[in-house]
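Reader: I would like to go through some local features of this model with you, one residue at a time. Could we look at the structure first?

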Amino acid sequence: MYDLIVVGAGPGGYEAAAHAGKLGKKVAIIEKKYMGGTCLNVGCIPAKTFLHSSKIFRGVREAAKYGVRLASPEFDMPTLVERKNRIVGTLTKGVEGILKRAGVEVISGHAKLVSRNAVEIDSKRYEASNILIATGSRPTKPPIAGIDSPDVFDSDTIFGLTKIPSSIAIIGGGYIGLEFACFFNEIGSRVTVFEILPQIASGADQEIATRLLQIMKRNGVEFRLSCRVAKIEPQQIHYVSSDGSQQTASAEMMLNSTGRSPMIQDLGLEAVGIDFTARGIRTSDRGRTNAPGVWACGDVTGKCMLAHAATREGIVAVNNMFGKNDRVRYNGIPSVIYTHPEVAAVGLTEEELKAQNIEYRKSIVPMGVAGRFLIENENPAGVVKVLAGARYGEILGVHAVGDPASEFIVAAAAFVESEMCVSDISDIVFPHPTVSEALREAILGIKLGAELNA
C-alpha cells in the first residue's frame, strides 16, 4: 500500500513523485517506456539540442558580419544525433538520481486503473491512497491519406534522422512545426510549412505571430496558410489552397507536426468512472479529477501542454492530496517558441483581452532599444509588447519576439503571477547591458502613456 502511485515518469510525474517522497510519503512511479518522458527523450531537450547546433551553423556562416572570417562550414547530422543521445542519457540519469534520493520506487510496465485506489501491471496489483495520472501525450495523426508513409516523420521519430533532406514539407504551423522549420532552413533544406489556419503559432498574440511570420519568410521559409493537406504520396503533397484550388508540392521528406494528443487510451479510465474526452482528463486547478483519490497532471489533461506546466500541476496535486491548499494559476505560466528568433509570452493576448471586454493599455517597443540586442544581432528584428489594466496598471500580458526572449520572460511571469502594477515595477533595477532592458522600456511606456493621459 502506497501513499501515492504516479503513472508516467515525465516532467509532471517524476517531479510530483520526488516532491511527495521528500514529504516523507511512500511513493511508487510507473513508466512503460521513457524515464523522463517525451520532453527529455523526444521533445524539448532533443529539439533544443538540434536548434542550438543549427544556430551555431548559421552564426558561422554569418560570422563575417561580426569581423570573423571562416572557411565554409559543414553540418554533420550523425554527430549531432550522437550528441543529442549523450545529453538525453545524462539527463535521464539525473532523473533517476532525483527519484532515488527522494526514496521513490520505480516500476517498469504499463499500468491500468482497476479501481480508484489500485492499478495493475501484467495482472499484478498495486494499491495506493492516491493515484496521479501523468501519461503525457503522443503526436496527433490527422486523417490524411498517406500520413503513415515511411518518408513522413513526426515529432517523435524525426530525432533519429541522420541525413539532411534537400527539401521538407512541414504539416502544421504550431510551435513544433515552426521550430523544425527554423532548424531545417538553417542547415540548408528548402522548407515549406502548410497550415490550415490563416496564421501561424495558433494561440499566440496575433501581432507577435505576424512579426514572426515576416521574419521567417525573410529568412527563406515558405508558407502555405489557410490550406488543407488532402493526400501524401512519395515526395509529393496534395493540398487545397486558400482559394479552393487543388495544388501539389514536392518535397524529399515530410514532417507531421499537427500537434499532440493526450495519452488516455488503455488506462482503465472508463471502468473507474473518470471524466475525460479526446482532449484529455478533466481536472480542477488543484489537479483533482471527478474520482476521489485520482488526480492528473500534464499533457494528459490537455490544459497546458508544456513541460514546466506539467511540473507545476504535479506539485500542486501532491500538495493538495497531502493537506496543503494550492492551485495552478495558468495565466502566470510562460510559454516559449524556440524559433530563431524566439517568441516568449505570458498572460493574456490582446485578442483575449478584447474578447473578454477588459480595458487595457498597450506599449510595444523594439528590442533594439537595448544595447545588448544590437551587439548580438547584426540585422535586429524584435519587439516587446506589454499589456496592462487600464485602471490600475496591473500587468496582464507580456509578449516578445527576439533573442533571447526565453531568458527574461520569467521576470514577466513573476509580474503577472504576483499581480504587480506598472508603478511597482518601474522602481526595479534591470541590469545593463541586457536585452531585458527592452522589457523595462515597454513597461515604462505604459506608465508614460498613463501620465500623459492623466
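Reader: In which loop is P433 found?

Author: The model is a predicted one, and in it a cis peptide bond joins H432 and P433, with omega about -5°. As for its place in the fold, P433 is found in the loop between α12 (422-425) and α13 (437-453).

Reader: What is the omega of the peptide bond from D403 to P404?

Author: P404 lies in the loop that runs between β24 (395-401) and α11 (405-417). The peptide bond that leads from D403 to P404 is cis, and its omega is near -10°.

Reader: Is A201 buried or exposed?

Author: A201 is found in the loop between β10 (190-194) and α6 (206-218), and although A201 is not a glycine, its phi is positive, at about 55°. Since buried means under 20% relative accessible area, the 4% relative accessibility of A201 makes this residue count as buried.

Reader: What is the relative accessible area of S226?

Author: S226 is also not a glycine, yet has a positive phi of about 55°, and it is found in the loop between β11 (222-224) and β12 (228-233). S226 is partly exposed, and its relative accessible area is 30%.

Reader: Which side chain does a polar contact of 2.8 Å join to that of H340?

Author: H340 lies in the loop between β20 (335-337) and β21 (343-347), and it counts as buried because its relative accessibility is 7%. Leaving aside neighbours within four places in sequence, H340 is in contact with several residues, among them L51, R58, C182 and N219. The side chain that the polar contact of 2.8 Å joins to that of H340 belongs to E186.

How values were computed: Residues numbered from 1 in each chain as written. Predicted model: local features only at pLDDT ≥ 70, side-chain atom pairs only at ≥ 80, totals over all residues. Heavy atoms only, no water. Helix = DSSP H or I, 4+ residues; strand = E, 2+ residues; numbered from the N terminus. Buried < 20%, exposed > 50% of the residue type's maximum accessible area, 1.4 Å probe, protein only. Polar contact = N/O pair within 3.5 Å; in protein donor to acceptor, adjacent residues only side chain to side chain. Contact = heavy atoms within 4.5 Å.
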